[in-house]
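Please read them beside the coordinates.

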Amino acid sequence: MIDLSAHIRPGDTVVWGQACAEPLTLTEALTAQRESLGGITAFLGIQFAGTAKPEHADHIRFVSYCGTGANRALAQVGVLDIYPGHYSTLPWLVSHGPLRADVVLVQVSPPDVDGNHSLGLAHDYLTAAIDVARVVIAEVNDQVPFVAGSRYLTAADIDVLVESSRPPVEAPAGRVDATTIRIAELAAGLVEDGATLQLGIGAVPELMLGELKDRRDLRFHSGQLSDGAAGLIEVGAAGGGVAAFLIGTRRLFEFAHCNPAIALRPASYTHDPDVLAAQEKFVAVNSAVEVDVTGQVNAEIAGGTYVGAVGGAADFLRAAARSSGGLPIVALPASRIVAALSGPVSTARADAGIFVTEYGIADLRGQPLAQRCRRMIEIAHPEHREALLEGTS
């Protein structure tokens, strides 16, 4: 096992790949050796593997932009410090902001014939962190796909190299039931041929992709690409696209390997307002913890625990609203429509667009408050409508 104390100093900020891009050999070593490191800050993204545990907070300060996956366990016991910022600001945060990276742990593919290592499953904010880090420690995993991207690493970019052979972390399947299936069907019905798609994480977006196999000339410009995106490209419904990271299963990883249809770019590109403004028929589909009857969205806190993120929803929804033929969609179960939010406003009602539940579609674009309330109550759960009406009177 690598001795990280030779490379990480007390007080350092350590950044590593999130979700399926987590370099498990390195993060497992870091948590095991945490006492010898003398107190560090770790910036976490989405965490599926659960490597960072609450008990590790004895020597590690955990900071994240999200409470997704295993981060929820950290949040529940109060050892996760949340940065409540837009996803588009993360490259700045870890390169020139308060969480400037001192050390980056990254999982990469074996080198190609030119000596280039692919960053594998994520560019997002990693490339910005790599540019400024004092030390880059790379886990070269022969099971990581070589995915096209705007940045590759060579031997000159890597300070410490560790070899491994282990399956990348896979994303857990979302919960599928009659409600999520119906929401996905209604949302998919809004998508026309030639659309550019952005989809958030979860069961509804994945199911929605399965409903689009009869479309043509679709493409992706998204924070993440999933198994469902790969499926649309395979059947010819979509021509390909770009994303900040890949989140899925071995099927997606194998599909993306040396596939020119998929390219990864940093979040400074995928979430850039000028880049997004150039997308025509841009359809952004995101979810929420809850929404109120005027269109305010809470995507962060449920039951007092941080479970989501500000994320990229506001960036994408605003871009979709400005796009010619674009659709800014928030899809969620009807039971999550409330009279007043119990958490923060992650997306303002000024940026509200189209809401989809299993009971229908409410288009709030250009609507005054009274009409918004009526339309939202019409797609709320029938058992809640009377109370919502009373709450808005």
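1. The protein is divided into domain 1 (13-164) and domain 2 (178-391), with bounds that come from an automatic or database domain assignment. The centres of the two domains, taken over C-alpha atoms, are separated by 26 Å. Across the boundary, 32 residues of domain 1 are in contact with 30 residues of domain 2, where contact means heavy atoms within 4.5 Å.

2. On provenance: this is a predicted model, in which local features need pLDDT of at least 70 and side-chain atom pairs count only at pLDDT 80 or more, while totals for chains, interfaces and linings use all residues. Residues are numbered from 1 along each chain as its sequence is written, and side-chain values use heavy atoms, with hydrogens and water left out.

3. The second largest pocket has a volume of about 200 Å³. A pocket here is an open set of points on a 1 Å grid over the protein atoms alone, with protein on both sides within 12 Å along at least five of seven lines; a cavity is a set of points where a 1.4 Å probe fits but cannot get out; lining residues have an atom within 4 Å of a point. Grid points are joined across faces, edges and corners, and a volume is the space filled by probe spheres set on the points.

4. This second largest pocket is lined by 13 residues, with P273, A314, D315, R318 and A319 nearest its centre. Helix 10 (273-277) and helix 11 (313-322) are the elements that give two or more residues to this lining. Helix 11 gives the most, with five residues. Helices (H or I, at least four residues) and strands (E, at least two) are DSSP runs, numbered from the N terminus. The lining has six nonpolar, three polar and four charged residues. Ala, Val, Leu, Ile, Met, Phe, Trp, Tyr, Cys and Pro count as nonpolar, Asp, Glu, Lys and Arg as charged, and the others, Gly among them, as polar.

5. How much of helix 11 is buried? Seven of its 10 residues are, namely A313, A314, D315, F316, L317, A319 and A320. Buried means under 20% relative accessible area, exposed over 50%, and partly exposed in between (1.4 Å probe, protein chains only). What covers these buried residues includes helix 10, helix 9 (267-270), strand 10 (196-199), strand 11 (218-225), strand 14 (282-286) and strand 19 (327-331).

6. The count of cavities of 30 Å³ or more is two. The largest holds about 40 Å³ of space and is lined by W16, G17, Q18, E22, L44, G45, I46, Q47 and A52.

7. The second largest cavity has a volume of about 30 Å³. Residues lining this second cavity include L317, V330, T347 and F355. Strand 19 and strand 21 (354-357) are the elements that give two or more residues to its lining, which divides into seven nonpolar, two polar and one charged.

8. T347 sits in the loop between strand 20 (337-338) and strand 21. T347 counts as buried because its relative accessibility is 4%. Leaving aside residues up to four places away in sequence, T347 touches G295, Q296, V297, A313, A314 and L317.

9. A search of the whole structure finds zero disulfides, a disulfide being a pair of cysteine sulfur atoms within 2.5 Å. For C258, the nearest cysteine sulfur is that of C20, 18 Å away. C258 counts as exposed, at 53% relative accessibility, whereas C373 is buried, at 14%.
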